[in-house]
Amino acid sequence: MALEQITMPRLGESVTEGTLSKWLVSVGDKVNKYEPIAEVMTDKVNAEIPSSFTGVITELVAEEGETLAVGKVICTMDVQDGNKPAAEVKKEVTEKVKVAELKKEDGTNKTRYSPAVLRLSQEHNIDLERVNGTGAGGRITRKDILQLIESGNVSAEKETVPSPEAPVQVNREVQPIVEAKASLHVSAQAGDIEIPVTGVRKAIVSNMLKSKQEIPHAWMMVEVDVTNLVNYRNTVKDEFKKKEGFNLTFFAFFIKAVAQALKEFPQINSVWAGDKIIQKKDINLSIAVATDDALFVPVIKAADEKTVKGIAREIVDLAKKVRSGKLTIDEMTGGTFTVNNTGSFGSVQSMGIINYPQAAILQVETIVKRPVIINNMIAVRDMVNLCLSLDHRILDGLICGRFLARVKEILENTSEETTKIY
């Protein structure tokens, strides 16, 4: 055998780990190079991991639902068997697996524990030597440990993983300890609904915590009169939809204005790199797109070079790909500044968490009609708040204030004469 290892790939800049959500292959399967072998989730993308070799899967090291750091081994392959008939190879590998499992059962080969199993056992003081695993060859799985924790049977005596049908037996001597531990955690009551934290949600949590813990956030807001923009867009939207086949949204105009202002204030278009600040040449705008249970941030590349129509098309196309699960890794990477359309669900003021390692994020709130004073007279105008969260390590209030003032100026002067759609 010539074994090769396949590891967790880096699925984007600043991405340090991924959650293996689903295996697409089994032990003994013959796989060609570049064929997908697993689905993985991060806070930035859902993607398929391609095989780095042509060969036969000999071991699935990682478990479904397990989160692994970039570079960690997820499976092994026998590349020498890549030219053998698939049926012959599968038979050989199956026999090898059976032998390995028998050795484990005989105690001649110590069970291997995944990082997730080790972490859970340490957090809950579980002696893994006393746990009967349900995996291949008696291997202890993450599911075994979770069932054990839920049962409350975490005594130092002989541990068994209860079956769903069997009544749970708890050692009376350790019952007070179990109850004391339970009191330290939030538990569901009768009528409550428990919602498992998925891999995507875990990845979002990890990235948001990193952003809040490492970045000193500051915040500012400007109020913008977009009456001219609203009138202009409403005048042309029907003809545009009929001609192009998709909607001309207000958000496309905001993206265009931000891209133009970033070109004039390149300091804002920067990222944090530990011991230095990198001012990016390309203006690639990340936009937030939500699904029912997750948030993705695809990127509009070279936004400053695109027309309003081009930006509007990309917004529609990227949103469709997110919701159909067809977004590629390339479409999720390279962002230099994030614009979040919080106004789409009626928000009028919010503080965004910066998309690490970018320097800032702009929240575009909902457009509302409000009475304002113009030439000492009250007028009803279309108004919107722009809320900027900034990394105070990279940016100061002065440059951000000037940037926001420029975005405001561009938007307030948007009209048929100043802003071309094509």
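This is a predicted model: local features need pLDDT of at least 70, side-chain atom pairs count only at pLDDT 80 or more; totals for chains, interfaces and linings use all residues.
## About the model

Local features need pLDDT of at least 70 and side-chain atom pairs count only at pLDDT 80 or more, while totals for chains, interfaces and linings use all residues. Residues are numbered from 1 along each chain as its sequence is written, and side-chain values use heavy atoms, with hydrogens and water left out.

## The nonpolar cores

A nonpolar core here is a set of buried Ala, Val, Leu, Ile, Met, Phe, Trp, Tyr and Cys residues joined through side-chain atoms within 4.5 Å. Buried means under 20% relative accessible area, exposed over 50%, and partly exposed in between (1.4 Å probe, protein chains only). The largest core holds 62 residues, and Leu285, Phe337, Leu386, Leu388 and Phe403 have the most contacts inside it. Helix H7 (residues 250-264) supplies the largest share of this core, 10 residues; helices (H or I, at least four residues) and strands (E, at least two) are DSSP runs, numbered from the N terminus.

Beyond its neighbours within four places in sequence, Leu285 is in contact (heavy atoms within 4.5 Å) with residues including Ile255, Leu262, Pro298 and Phe337.

## Cysteines

Cys75 is buried, at 0% relative accessible area, and Cys387 is buried at 0% too. Searching the whole structure turns up 0 disulfides (pairs of cysteine sulfur atoms within 2.5 Å).

## A look at Trp219

Now to strand E9 (residues 217-225), where Trp219 lies. Trp219 is partly exposed, with a relative accessible area of 31%.
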